[in-house]
Amino acid sequence: MQVILLAAGQSTRLKPISDKNTLEFNGKALIEHQVAALKAAKMRDIVVVGGEHNLEKLKSILKPYKNVVVVEQKNLKEGMAGGVLAGAAKVGHKNIMVMSTNDVVDPSVFEQAIAGAKGDVDGAIVGAKVESYFPGGYLKFDKNKMLTDIVEKPGEGKEPSNWVNIVLHIYNDFPAFTDRLKKDKSKADGRYEHALDEYIKKGKAKMAVVKYAGYWQPIKYPWHVLNVMAHYFDNQEPKIDKSAEISKTAVIEGNVVIGPKVKVYNNAHIKGPAYIGEGCVIGNNALIIESMLGNNCVIGYSSEVTRSYLNHDVWTHGTYVGDSIIDENVSFGSGTVLANLRFDEANVKVDIKGDRTDTGTHKFGAVIGSGARFGVNSSVNPGMKIGANSFVGSGVSVDKDIEEGKMVLLKQSWTVTKNNKMANTDSREKLK
Amino acid sequence: MQVILLAAGQSTRLKPISDKNTLEFNGKALIEHQVAALKAAKMRDIVVVGGEHNLEKLKSILKPYKNVVVVEQKNLKEGMAGGVLAGAAKVGHKNIMVMSTNDVVDPSVFEQAIAGAKGDVDGAIVGAKVESYFPGGYLKFDKNKMLTDIVEKPGEGKEPSNWVNIVLHIYNDFPAFTDRLKKDKSKADGRYEHALDEYIKKGKAKMAVVKYAGYWQPIKYPWHVLNVMAHYFDNQEPKIDKSAEISKTAVIEGNVVIGPKVKVYNNAHIKGPAYIGEGCVIGNNALIIESMLGNNCVIGYSSEVTRSYLNHDVWTHGTYVGDSIIDENVSFGSGTVLANLRFDEANVKVDIKGDRTDTGTHKFGAVIGSGARFGVNSSVNPGMKIGANSFVGSGVSVDKDIEEGKMVLLKQSWTVTKNNKMANTDSREKLK
Amino acid sequence: MQVILLAAGQSTRLKPISDKNTLEFNGKALIEHQVAALKAAKMRDIVVVGGEHNLEKLKSILKPYKNVVVVEQKNLKEGMAGGVLAGAAKVGHKNIMVMSTNDVVDPSVFEQAIAGAKGDVDGAIVGAKVESYFPGGYLKFDKNKMLTDIVEKPGEGKEPSNWVNIVLHIYNDFPAFTDRLKKDKSKADGRYEHALDEYIKKGKAKMAVVKYAGYWQPIKYPWHVLNVMAHYFDNQEPKIDKSAEISKTAVIEGNVVIGPKVKVYNNAHIKGPAYIGEGCVIGNNALIIESMLGNNCVIGYSSEVTRSYLNHDVWTHGTYVGDSIIDENVSFGSGTVLANLRFDEANVKVDIKGDRTDTGTHKFGAVIGSGARFGVNSSVNPGMKIGANSFVGSGVSVDKDIEEGKMVLLKQSWTVTKNNKMANTDSREKLK
């Protein structure tokens with residue numbers, strides 16, 4: 001079986017976080033985790049479909065992997081259908097697995113899906129079990145577990161099953177499906193699903209529904225990055241690299257990975273699970289709890305980083321970062337605070353493409369794009385997004401999203417008068 | 001002898017701090033401290049007079065005490081006279097002690113007062129010794145130490161003695177006094193004192209003046225809470241509860257009480273005298289000096305609390321709280337600072353019912369009502385009062401009192417322009 | 001040989017830092033360092049020329065030194081020429097060294113200069129070697145190393161040599177020179193140099209150029225104070241005074257001098273080179289890196305002071321001070337941050353008499369005059385100057401220089417509305 005791994009999506013709902021595929025977890029890009037998992041499941045040939053925005057990065061990341069080719073989907077407006085067809089041009093077998101990097105799953109799903117596609121069927125489609133309503137496509141199937149319909153976003157209470165379609169589809173006769181897909185004239189947005197629907201309804205294809213109740217995490221919204229981080233924590237083995245320098249008074253507890261050349265200074269405290277990338281510096285008295293740091297981060301003196309994801313080269317100094325997602329090359333001036341709890345302690349909402357979207361949690365901080373800078377004593381309200389390459393001036397209290405590439409400076413008003421109160425040192429002794 | 005303990009006062013000068021009677025010191029409400037002291041002095045029957053605002057709380061607190069009844073003064077406008085009469089309806093003896101919870105005294109005063117009321121007199125009245133002018137009623141007495149007059153607020157330099165009237169009065173024939181009190185037609189405000197005056201002048205009653213030079217602290221203004229706190233520190237025995245979890249690198253020094261289930265994290269430092277209530281969490285690197293914490297407070301990472309009184313459920317995080325009084329259920333966002341020293345280092349003044357009132361100290365922070373919330377990086381000037389259930393937004397610098405139940409949000413002006421300065425990571429290495 | 005040591009300059013470019021001569025390095029005023037160096041080089045008689053602004057201080061500092069007299073230059077507008085003539089009135093020898101306290105040099109220069117003035121010459125003039133362009137007077141000399149001209153600020157690329165004139169001039173027949181100087185009618189600003197020029201050109205005097213390649217640091221701009229500090233660090237021997245009290249958990253590393261009666265509290269960390277003056281208090285968790293502190297400074301809880309010069313009586317509390325120069329009797333409210341890195345990481349510039357002057361470094365903080373006060377959570381941008389006796393209010397974000405003697409208070413706008421969100425404690429447990 002060959003795999004078409006769809007990685008061309010532009011992650012617009014993830015903004016200002018850049019392409020999910022290149023985000024690293026435990027020192028490995030997400031795309032690499034997924035390719036490695038497929039390889040471990042004995043998938044030999046993998047065609048990764050990228051877009052103009054990430055093609056070179058994907059190629060560079062996947063260079064070490066044999067039998068993995070990266071192809072470009074030229075027209076990204078053609079959505080998933082376009083991605084599948086771009087991949088189809090590079091595969092030769094009839095037996096194909098189509099998978100998307102949007103979904104993080106347990107590798108056990110591959111075996112299950114392959115088993116499901118065996119026997120007298122034309123393929124298999126994986127349904128992930130959901131406990132509460134999820135705005136996706138629900139699988140309807142007959143008593144033989146053969147797919148009869150996919151109901152898109154039925155609304156809470158109207159779900160036809162507990163099983164939601166995730167893009168992990170096996171086709172035993174892929175050309176039969178792609179012939180149909182090529183001819184399909186429906187809109188890009190739902191063209192793949194429409195062709196699949198026609199394939200089973202008009203084409204009488206039998207697609208077995210594989211009921212998968214294991215780990216599944218879509219990466220659609222920024223806060224999903226924190227969920228995926230937690231997943232990779234669950235799978236990490238604690239390790240402190242020999243080249244790391246750790247002060248005797250520093251405390252490292254729980255499941256913590258500390259990369260090469262990391263320095264941990266006096267009285268710093270790392271409470272696992274945590275991952276500290278190569279070359280990071282953890283300053284005096286710093287506190288890191290359940291967080292993942294990319295390479296070369298500097299968590300300065302008296303900073304706290306809690307339940308957060310920091311990409312490479314993030315610098316803090318007397319900063320509080322809680323429940324936040326920070327892309328690479330971001331720095332925070334001393335005294336910057338990312339607030340992570342509303343006054344009313346309600347769930348934090350984030351503006352996603354104009355919709356106030358509930359993060360599902362009452363503790364959520366900020367989402368910050370790469371290249372952002374924060375002046376000293378700046379503040380960010382819960383749920384704010386700061387665009388890439390935007391600079392937030394000293395003393396600014398961010399209470400609305402900042403677009404990318406902006407310079408935001410504070411305009412303060414002062415009263416300036418003659419100072420008639422001379423300060424003396426007489427009282428100093430008594431103040432000590 | 002039976003006791004009428006007056007506890008119906010509404011503590012308006014103490015605002016935004018709630019009823020003094022229910023404030024806890026060393027884990028016990030003030031009313032309970034006073035009842036326990038009376039019991040220890042062999043007072044069997046105690047009638048506590050409360051008001052609508054605190055009746056249920058008083059009943060609940062005093063439930064475990066035998067022969068203590070709580071009665072309601074229906075019309076609080078009738079002041080002390082009304083309170084005494086409400087209590088009078090519940091006592092049967094002729095020999096009665098009238099006392100107010102406004103005054104914190106050493107228990108030795110009771111024995112002194114009782115001794116003073118013995119012999120050929122109609123009762124005794126306790127005078128507390130003052131070293132400097134106090135705006136109260138000064139006792140005038142003859143060579144036999146019999147009260148001749150009470151001079152209200154004579155003004156500095158015009159005091160008839162060093163002895164100030166505190167409400168600890170013993171009547172050997174209480175009905176004789178209350179008959180007079182019931183008929184008295186003077187204004188509520190001074191009616192009790194007027195009746196007492198008539199009782200000695202027209203009624204020829206002999207009230208012995210008891211000269212008391214021991215500990216006396218009225219609780220009239222918020223800062224008196226800190227004085228009372230210091231008093232209870234003087235009387236506490238250091239103790240660390242067995243169920244407390246204290247990090248090996250935490251430092252506890254001096255006279256410190258640590259309650260059950262308290263957690264003290266790494267490198268936290270508690271400098272006594274201090275009292276840490278049940279279930280509190282003292283975070284990494286936190287510093288607590290000469291302060292009292294109610295139950296379930298969380299003093300977060302890198303917070304300092306110095307010379308302050310915190311009621312239950314107060315949360316700090318990267319916060320400085322100095323010389324302040326904080327009622328229950330208050331939380332401070334990271335970076336909040338309560339300033340406690342004026343630029344000119346003069347005594348801090350607080351606005352009490354429209355009067356700028358000198359706290360008598362140059363180090364004084366804020367007075368904060370229950371249910372208040374502070375956004376990140378907010379600041380409070382010395383001597384400010386923040387009303388109960390008021391929320392102070394991120395970045396707000398409080399320079400005037402905030403009434404209760406307000407939402408105060410910062411309106412900032414920014415200049416937002418295109419950012420032409422791209423941040424790169426090239427310089428990061430040299431910055432390390 | 002007698003020495004005229006010029007110390008009457010008003011250091012206008014150093015503002016708001018006060019007179020350089022009285023700034024202490026390693027517990028000794030700069031003037032004292034220079035007198036001591038001259039004494040060590042066997043200079044017996046030294047005439048120090050001061051001005052009205054520093055005369056008494058100079059006298060007081062130099063009192064213990066024999067054969068050192070302090071004279072006043074009455075008219076400071078007469079510049080260096082006036083200073084030299086004021087000194088000339090107090091010297092008797094013909095053989096005179098003229099030196100300025102503007103330049104910090106290695107004591108080896110004196111021997112070199114004296115040797116250069118020997119033989120068949122009328123004196124010597126010291127040239128300090130420069131590697132890059134310096135806006136001073138460049139020495140032009142003939143093949144016998146006899147001075148032929150001083151070219152003032154020739155512009156980069158047009159320098160006649162690598163040797164810059166520093167005020168360390170020896171005259172073998174001083175009266176011959178001063179006769180000329182007295183009669184010179186050119187403007188005060190260049191009168192000394194003009195007279196010297198005439199002395200060699202019209203007077204045919206032979207002034208040998210002494211090429212000095214050792215340590216040389218002019219003190220012209222505030223940031224030069226940090227360079228001089230580094231110089232004195234290089235010459236200090238580590239020492240911890242016996243009367244200092246240092247917590248067992250404090251860390252002192254590198255070349256550190258700790259003066260008498262200093263207290264270093266728990267988990268404080270001092271990374272040398274550093275100098276901590278008498279009576280300083282270093283609070284819990286404080287971090288001090290490569291900095292010099294005068295006497296009686298208090299570096300409070302959770303403060304960082306990095307690569308900075310602090311004069312006496314500077315108080316911090318939860319403050320970040322980086323790459324800054326702070327004159328005496330300054331205090332910082334909790335949460336104050338002196339930013340020391342621009343967003344674009346370019347060299348920091350400082351406004352010196354109207355010119356934006358490059359400090360030559362991308363890490364530079366603030367320059368703060370004596371008697372300044374900072375309110376809580378105030379911020380200062382890189383390169384700002386705060387005048388002496390100016391008070392900066394709570395929450396102010398300083399983005400332009402503050403003149404001396406100003407009271408700067410923040411005018412904030414708030415929206416104040418009824419708060420409909422009551423805070424409860426129900427959620428507290430889950431938040432812990």
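Predicted model: local features only at pLDDT ≥ 70, side-chain atom pairs only at ≥ 80, totals over all residues.
Residues are numbered from 1 along each chain as its sequence is written, and chains are lettered from A in the order in which they are written. Local features need pLDDT of at least 70 and side-chain atom pairs count only at pLDDT 80 or more, whereas totals for chains, interfaces and linings use all residues, and side-chain values use heavy atoms, with hydrogens and water left out.

**View 1. The interface of chain A and chain B.** Here 53 residues of chain A are in contact with 42 residues of chain B, contact meaning heavy atoms within 4.5 Å. The area buried between the two chains is about 3,800 Å², and carbon and sulfur atoms give 54% of that area; buried area is the accessible area (1.4 Å probe) that two parts lose on being put together, summed over both.

**View 2. A salt bridge between Asp344(B) and Lys421(A).** The closest N and O atoms of this pair are 3.9 Å apart, and the rule finds 2 salt bridges across the interface, each a side-chain nitrogen of Lys or Arg within 4 Å of a carboxyl oxygen of Asp or Glu.

**View 3. Strand β40(A) beside strand β41(B).** These strands run antiparallel and are joined by 6 bridges, where two strands pair if DSSP finds at least two bridges between them, and strands (E, at least two residues) are DSSP runs numbered from the N terminus. Within this pairing, Leu410(A) stands opposite Trp414(B).

Technical notes: Helix = DSSP H or I, 4+ residues; strand = E, 2+ residues; numbered from the N terminus.
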